[in-house]
Amino acid sequence: MFKYALIVCLLSAVAIALPIMNFFQDRDEADELDKAELERIQNENAQYSFNSRIEDQINDGSIQREETRDGTKVTGMYSYSDGFVMRTVYYEADENGYRVVKEDTQDIGDGPQFNAEGQADVEGSLIGKYSIKLDKDDQEKHYKDIHA
């Protein structure tokens with residue numbers, strides 16, 4: 001009789017637990033669907049635009065970047081020069097992936113030319129604009145800020 005009561009109790013516990021487990025499993029699936037839908041909506045409505053530029057006349061280099069996002073489409077360009085070449089790449093990215101649309105490379109010299117009297121100009125849509133020069137009086141800091 002005890003075995004019969006024990007088996008009935010165990011089966012009852014399993015019968016009660018299954019719907020509860022299914023509820024939580026269904027809730028996890030619903031949460032995942034909610035997250036995927038939220039991510040889809042965010043991607044379709046995302047928008048930003050930024051740019052940055054560094055003209056380094058101390059070390060003879062430059063870097064430039066621009067990017068714009070409208071929904072799921074991103075377009076942009078980046079460019080750099082290092083004393084040897086000037087390279088510019090235009091790209092786009094969307095549901096079909098990242099693609100280089102156009103690329104320009106031009107030889108510009110025999111390597112970077114150091115200029116202790118030069119200055120580096122930094123500009124960006126998020127950081128504003130400033131310049132730096134070598135600080136020949138401070139052996140620890142090397143550069144001084146000369147806000148433009």
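Which residue of β3 does Arg 65 stand opposite? Arg 65 faces Tyr 78.

## Basis of the model

This is a predicted model, in which local features need pLDDT of at least 70, side-chain atom pairs count only at pLDDT 80 or more, and totals for chains, interfaces and linings use all residues. Residues are numbered from 1 along each chain as its sequence is written, and side-chain values use heavy atoms, with hydrogens and water left out.

## Overall layout

The protein has one helix and eight strands. Helices (H or I, at least four residues) and strands (E, at least two) are DSSP runs, numbered from the N terminus. Along the sequence the order is α-β-β-β-β-β-β-β-β.

The protein has 148 residues, and 19% of them count as buried. Buried means under 20% relative accessible area, exposed means over 50%, and partly exposed lies in between (1.4 Å probe, protein chains only). The protein exposes about 11,300 Å². Carbon and sulfur atoms supply 55% of that area. Accessible areas come from the Shrake-Rupley method with a 1.4 Å probe; for residues, only the protein chains shown count as cover.

Among contacts in the protein with a separation of 6 or more, 31% join residues 24 or more positions apart. A contact means heavy atoms within 4.5 Å.

Strand β2 covers residues 61-70, and strand β3 covers residues 73-81. The two pair in the antiparallel sense over nine bridges. Pairing requires at least two DSSP bridges between two strands. Two residues separate β2 from β3 in a hairpin. Gly 71 sits in the turn, with a positive phi of about 70°.

β3 also pairs with strand β4 (residues 85-94), again in the antiparallel sense, over eight bridges. Here Thr 75 stands opposite Glu 92 in β4. This hairpin has three residues between its strands. Its turn holds Gly 83, with a positive phi of about 90°.

## Aromatic pairs

A pair of aromatic rings is described by the distance of the centres and the angle of the planes. Rings of Phe, Tyr and Trp (its six-membered ring) pair if their centres lie within 6.5 Å; planes under 30 degrees apart count as stacked, over 60 as edge-to-face and the rest as tilted.

The whole structure contains three aromatic pairs. One of them, Tyr 48 with Phe 50, is stacked, at 6.1 Å centre to centre with 25° between the planes. Tyr 48 is partly exposed, at 33% relative accessible area. Phe 50 is partly exposed too, at 24%. Tyr 78, Tyr 91 and Tyr 98 form one aromatic cluster. Tyr 78 is also the residue opposite Arg 65.
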